[in-house]
Amino acid sequence: MLPVAILSGGLATRLHPITQTIPKALVEVAGKPFIEHQLEYLRKQGVTSVVLCIGHLGEMIQELVGDGARWNIQVRYSPDGSVLLGTGGALKQALPMLGEQFFVLYGDSYLPIDFAEVQTAFINSDRLGLMTVLRNQNLWDRSNVQFEDGQLIEYNKEAITPQMHYIDYGLGVLEANALSSYPSGIRLDLSRVYNELSLKKQLTGHEVLERFYEIGSHQGIADTQTYLLQKTKKDSL
């Protein structure tokens, strides 16, 4: 299984006052810090290598997670440093630890998805990137992907069009070369990288049918907690 970059460097201002003293990854959901839920499910997916891109209060994540031995995963860290690099800039900085191909997972996402299936779709696509997409119809957030007949035509977070009925589900796969044209050490949003890949026909789409869960908002935390508690109960039967 390819390594996974988890983007955990944001300020999480929507969750203030909780995230004024702890990073979003350590917000408690269903009885434990959210990052623990993520690492548990990544291990079940067969993932053995994770790079945590950390920024604001990232040392607290490092202190809790350590080297990942508790989950039988090798966990390494790529800190932003004195300048917050954004999601794309953080990925660019982490490339030496990630290799030629890797998954990209947002630090606030819990995704009921088969990583092996996504990896196979990416390898078969012969593109620089893959984005998992969900038919959204502006339900969970503003739809930002035009996806038709199995083809991703455009992803654009800023300029929404009426043809966009899908949304970025939260898991991607990238070739390191997808970031080669961007300078190091500057702020860069991953949404720009995905948008430019889509316009160059270098971003394939993989449709997902089950909703995503996220802890980027208070309502998101409540929904994710309900889902994880039900999942734990079901798994224990």
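Biologist: How many of the 11 residues of helix α1 are buried?
Modeller: This is a predicted model. In it, helix α1 covers residues 34-44 and is mostly covered. Its buried residues are F34, I35, E36, H37, Q38, L39, Y41 and L42. The count for α1 is eight of 11.

Biologist: Which residue with a positive phi follows α1?
Modeller: The helix α1 spans residues 34-44. After α1 comes a residue whose phi is near 95°. That residue is G46.

Biologist: Are the faces of strand β4 covered or open, and how many of its residues are buried?
Modeller: Take one side of β4 first: S49, V51 and C53 are buried. For residues 49-54, the tally is six of six.

Biologist: Why does Q146 count as buried?
Modeller: Q146 sits in strand β9, residues 145-148. The cut-off for buried is under 20% relative accessible area. Q146 falls under it, so it counts as buried, with a relative accessibility of 13%.

Biologist: Which residue's side chain makes a polar contact with the side chain of Q146?
Modeller: Leaving aside neighbours within four places in sequence, Q146 is in contact with Q151, L152, I153, E154, Q163 and M164. The polar contact of its side chain is with another residue, at 3.0 Å. That partner is E148.

Biologist: How much space lies in the largest pocket, and which residues are closest to its centre?
Modeller: The space in the largest pocket is about 1400 Å³. Its lining has 45 residues. Closest to the centre are R14, K24, Y106, D108 and K157.

Biologist: Which element gives the largest share of the lining of the largest pocket?
Modeller: Elements that give two or more residues are β1, α3 (86-98), β11 (166-175), α5 (190-199) and α6 (218-236). The largest share is four residues. It comes from β11.

Conventions. Residues are numbered from 1 along each chain as its sequence is written. This is a predicted model: local features need pLDDT of at least 70, side-chain atom pairs count only at pLDDT 80 or more; totals for chains, interfaces and linings use all residues. Side-chain values use heavy atoms; hydrogens and water are left out. Buried means under 20% relative accessible area, exposed over 50%, partly exposed in between (1.4 Å probe, protein chains only). A polar contact is a pair of N or O atoms within 3.5 Å; within protein, one must be able to donate a hydrogen and the other to accept it, and residues adjacent in sequence count only if both atoms are side-chain atoms. Contact means heavy atoms within 4.5 Å. On a 1 Å grid over the protein atoms alone, a cavity is a set of points where a 1.4 Å probe fits but cannot get out, and a pocket is an open set with protein on both sides within 12 Å along at least five of seven lines; lining residues have an atom within 4 Å of a point. Grid points are joined across faces, edges and corners, and a volume is the space filled by probe spheres set on the points.
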